[in-house]
Amino acid sequence: MKKRPALIFDHEKLRDNMRTVVGWCNEAGIDVAGVIKVTGGLASAALDYEACGAKWIASSRLEQLARAKAAGVKIPMMMIRVPMLSELDEMVKVCEYSLQSEFTTLRALDEAAIRAGKIHNVILMADLGDLREGFFDPEELIDVAKYTEEVLTGLNLAGVGTNLGCYGSVMPTEEKMKHLVRCAEAVEKAIGRPLEIVSGGATSSMMPMFDGVMPEKVNMLRIGGASFLGSNEETCRIYGRKEMDILHDDAITLEAEVIEVRTKPTHPIGKLGVNAFGKKAVYKDRGDRRRALLAIGGADFGDYNDLLPQLEGSFILGCSGDHTILDIEDCKEKLKVGDVVRFKLYYTAVLHLVSSENVTKYELGEIGVRL
Ligand SMILES: *Cc1c(COP(=O)(O)O)cnc(C)c1O
């Protein structure tokens, strides 16, 4: 019998999505770095991406890339969280590429690469206003690029890149992409040669691509969400983009088991203080309603608003760390103890679920087959 809660990865659907995403990008002259961090670094997802035409496998966590490499992924690995000084020796062994934003780190990385007898490829990040990682002063970016090119013999300056829509919610507009291209051109002028890579961002940067306004010079996107979440990916959902509607939004799903079914009042009875999370909550009195209690909770998925119950007529009333309360009063289907409820998921729920030891992962279909 399947263990529950279960997180289910459907490899056929994942590869369908990856093929579509890579196809869209390639048509626009863009190569894809397949970002696997939302799966917790599932090696099979990296193999899928490789089979579907990604040119790099990328993650924010070194151990995830090491696992993908050990599983036989042949394309280069790219570290996309600016690395810690304490992981550089490990990074040059596991990754061929990384994103960089500090002079101190570049110099230490150069030494680590030389120690390992390798040439490591770096992409210098320009902060165009989202205010997370990256050089903020264009002059500093150019100076560091020139120094990397001329002095740091263990490093290859592969390109420049940017990240948007993460901390600062800044949208990847045509203007921002043009700004990135200007940064790349200034670096090329300073070092006297063209750069291999101009990396324009994540899933959200597919929007200027869909609109046909992506500058030609942008030739890499680092894509996770679109391939794993389809139209449930936040950036396209919130901006109301329809392009991704053709992707599967159920390539990763959750199954939770019913442990109690009862009709109860909807307003708590007694003097109200705080809930399981130490918060003062507001309860709407909807009278008596039938509800199912599920054996999964906030400790597993984070915020219950990131779960989409697939039982028609149901909605989530709330949760505690280990329980979720599903309102089933308006459902045609009668639930009983032992039944299973399926959920589609938003990004942040997947990110939490993959690292919950209470949740068993199941994989459907063949992995990484080449068509
Ligand atoms: C997570 C991440 C990505 C991928 O983001 P998606 O929105 O999942 O496509 C790309 N670049 C960086 C630097 C990231 O941290």
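Strand S11 pairs with strand S14 (residues 324–327) in the antiparallel sense over four bridges, strands being DSSP runs of E of at least two residues, numbered from the N terminus like the helices, which are runs of H or I of at least four residues, and two strands being taken to pair if DSSP finds at least two bridges between them. Within this pairing, Ala 292 has Leu 326 of S14 as its bridge partner. Strand S10 (residues 252–265) also runs antiparallel to S11, to which seven bridges join it, and here Val 258 has Leu 294 of S11 as its bridge partner. Five of the seven residues of S11 (residues 288–294) are buried, so the strand is largely enclosed by the rest of the structure; buried means under 20% relative accessible area, exposed over 50%, and partly exposed in between, with a 1.4 Å probe and protein chains only.

The model is predicted, and local features therefore need pLDDT of at least 70 and side-chain atom pairs count only at pLDDT 80 or more, whereas totals for chains, interfaces and linings use all residues. Residues are numbered from 1 along each chain as its sequence is written, and side-chain values use heavy atoms, with hydrogens and water left out.

Among the helices, H1 (residues 11–27) and H2 (residues 43–51) have axes that come within 9 Å and cross at roughly 40 degrees, the axes being lines fitted to C-alpha atoms over the stretch in contact and the angles running from 0 to 180 degrees between N-to-C directions. This makes H1 oblique to H2, since angles under 35 degrees count as roughly parallel, over 145 as roughly antiparallel, 65 to 115 as roughly perpendicular and the rest as oblique. The crossing of H1 and H2 is right-handed, that is, the near helix is turned clockwise from the far one by less than a right angle, anticlockwise being left-handed. His 11, Leu 14, Arg 15 and Met 18 of H1 make the contact with Ser 44, Ala 45, Asp 48 and Tyr 49 of H2, contact meaning heavy atoms within 4.5 Å. By class, four nonpolar, two polar and two charged residues take part in the contact of H1 with H2, where Ala, Val, Leu, Ile, Met, Phe, Trp, Tyr, Cys and Pro count as nonpolar, Asp, Glu, Lys and Arg as charged, and the others, Gly among them, as polar.

Arg 15, which lies in helix H1, counts as buried at 1% relative accessibility. Residues up to four places away in sequence not being counted, Arg 15 touches Asp 48, Cys 52, Glu 366, Ile 367, Gly 368 and Val 369.

Helix H6 (residues 138–150) packs against helix H5 (residues 103–116) at an angle of about 10 degrees, with the axes 11 Å apart, which makes H5 roughly parallel to H6. Phe 103, Leu 106 and Arg 107 of H5 and Val 144, Tyr 147 and Thr 148 of H6 form the contact. The axes of H6 and H7 (residues 174–191), in turn, come within 9 Å and cross at roughly 45 degrees, making H6 oblique to H7, and the crossing is right-handed. The residues of the contact of H6 with H7 comprise eight nonpolar, no polar and two charged.

Ser 199, in strand S8 (residues 197–199), counts as buried at 0% relative accessibility. Its neighbours within four places in sequence left aside, Ser 199 is in contact with Val 160, Gly 161, Thr 162, Leu 180, Met 220 and Arg 222.
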